[in-house]
Amino acid sequence: MTQTEKTPRPALSDALGALETPVYVLDEAKLIKNLAVLRGVMDRTGCKILLAQKAFSMFSVYPLIGEYLSGTAASGLYEARLGKTEMGGETHIFSPAYKDADFDEIASICDHIVFNSFSQLEKYRKRLAGASAGIRVNPECSTQQHAIYDPCAPGSRLGVTADDFRGDMLEYVEGIHFHTLCEQNADALEATLNAVEEKFGRWLHRVKWLNMGGGHHITRPGYDISLLERLITRVKGEYGVEVYLEPGEAVALNAGYLVTQVLDIVESGGVKTLILDASAACHMPDVIEMPYRPPLMDSGLPGEKPYTYRLSSYTCLAGDVTGDYSFDREMVPSDRLYFEDMAIYTMVKNNTFNGVPLPSIAILDADGNARVIKKFGYEDFKGRLS
């Protein structure tokens with residue numbers, strides 16, 4: 001083997017076969033690939049990209065992420081503290097409202113503080129401790145179909161509309177923030193940005209920065225990066241603002257797995273169900289909330305392959321169903337399954353309903369070596385209760 005040749009990574013089943021299930025596994029090589037894409041956007045446009053921790057808060061890799069990105073975005077005090085202490089760089093925060101008891105610590109931690117209303121800005125503007133204040137706006141431009149994730153839906157509590165924008169308060173505001181996208185391409189950003197300029201353009205000339213929020217699927221195959229970069233460059237040139245993006249999903253998109261094991265197989269009404277030691281309700285909440293059907297390695301749609309099964313869990317929730325999948329062979333107890341794209345919105349949203357243990361957390365390094373970095377037990381379940 002020459003010096004330039006590398007030993008190929010072992011198959012996933014071999015690399016992860018010794019791990020106790022259920023377990024989340026972060027694929028470090030895929031994470032780095034995503035980070036390199038994001039860093040390229042920053043380098044070519046001069047924008048700054050932050051990790052939105054609400055999607056991915058695996059702080060053991062924050063030092064790695066910090067080598068590529070500008071810092072973190074938080075939704076509350078605890079996320080702000082985590083980003084500041086574990087990654088450093090810039091720390092930004094947005095919350096629909098701030099608790100009085102938390103605000104002074106938030107101000108001591110955060111570089112940018114975004115307010116959801118002018119009443120909140122009025123309340124806290126004298127306690128900013130040097131932080132740059134921003135206001136979130138609602139351009140009233142819906143570009144996506146997921147109502148639960150649409151901040152521009154009628155009656156939205158998120159952001160100030162053009163009718164309610166207070167120009168007289170702009171002397172206390174250094175930035176404007178909008179966040180309206182969810183798993184979308186740059187064309188949705190273009191439509192949103194047009195609406196923002198139409199409704200708030202006269203104010204953009206008077207601020208220092210514009211934060212375009214998250215929901216940008218920048219690292220997804222087929223994403224129009226060139227359009228994104230043109231939009232960033234145009235905004236910077238037109239208004240003289242510093243531009244921020246704060247994607248969460250794009251950082252760890254397709255960079256993780258949830259490994260689970262078949263405990264039993266039951267049949268009723270012609271439906272064969274695999275009882276797994278992983279749970280949609282506990283370990284993949286977006287499957288039920290969004291809802292969506294997570295990708296599963298070496299599987300197909302129902303009926304696409306010879307053997308179709310419904311995937312469920314050992315919780316008592318009747319609706320704890322991940323979906324129907326087909327396979328090339330019959331499944332048997334102890335078989336392992338590998339859910340894909342399981343780094344985002346899993347670890348940050350999981351729970352211990354029914355006393356079901358939380359999955360361990362592991363890293364698969366660039367050479368294909370897996371190691372567990374966190375294991376949970378009874379005390380983690382008990383510690384949430386009283």
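Asp286 has its place in helix 11, where helices (H or I, at least four residues) and strands (E, at least two) are DSSP runs, numbered from the N terminus. The model is predicted: local features need pLDDT of at least 70 and side-chain atom pairs count only at pLDDT 80 or more, while totals for chains, interfaces and linings use all residues. Residues are numbered from 1 along each chain as its sequence is written, and side-chain values use heavy atoms, with hydrogens and water left out.

**Asp286**

- Asp286 is buried, with a relative accessible area of 8%; buried means under 20% relative accessible area, exposed over 50%, and partly exposed in between (1.4 Å probe, protein chains only).
- Not counting residues up to four places away in sequence, Asp286 touches Tyr149, Pro291, Tyr292, Tyr345 and Lys349, where contact means heavy atoms within 4.5 Å.

**The largest pocket**

- The largest pocket has a volume of about 850 Å³.
- On a 1 Å grid over the protein atoms alone, a pocket is an open set of points where a 1.4 Å probe fits, with protein on both sides within 12 Å along at least five of seven lines; lining residues have an atom within 4 Å of a point.
- Grid points are joined across faces, edges and corners, and a volume is the space filled by probe spheres set on the points.
- Its lining has 38 residues, of which Lys54, Tyr149, Leu158, His179 and Tyr345 lie nearest the centre of the pocket.
- At least two lining residues each come from strand 3 (71-74), helix 9 (249-252) and helix 11 (286-289).
- By class, this lining has 16 nonpolar, twelve polar and ten charged residues (Ala, Val, Leu, Ile, Met, Phe, Trp, Tyr, Cys and Pro count as nonpolar, Asp, Glu, Lys and Arg as charged, and the others, Gly among them, as polar).

**The second largest pocket**

- The second largest pocket has a volume of about 710 Å³.
- Of its 24 lining residues, Ser57, Phe59, Met347, Val348 and Phe376 lie nearest the centre.
- Helix 4 provides the largest share of this lining, three residues.

**Helix 7 and helix 8**

- Helix 7 (residues 186-204) and helix 8 (residues 225-239) pack at an angle of about 10°, with their axes 10 Å apart.
- Helix 7 is therefore roughly parallel to helix 8, as angles under 35 degrees count as roughly parallel, over 145 as roughly antiparallel, 65 to 115 as roughly perpendicular and the rest as oblique.
- Axes are lines fitted to C-alpha atoms, for helices over the stretch in contact, and angles run from 0 to 180 degrees between N-to-C directions.
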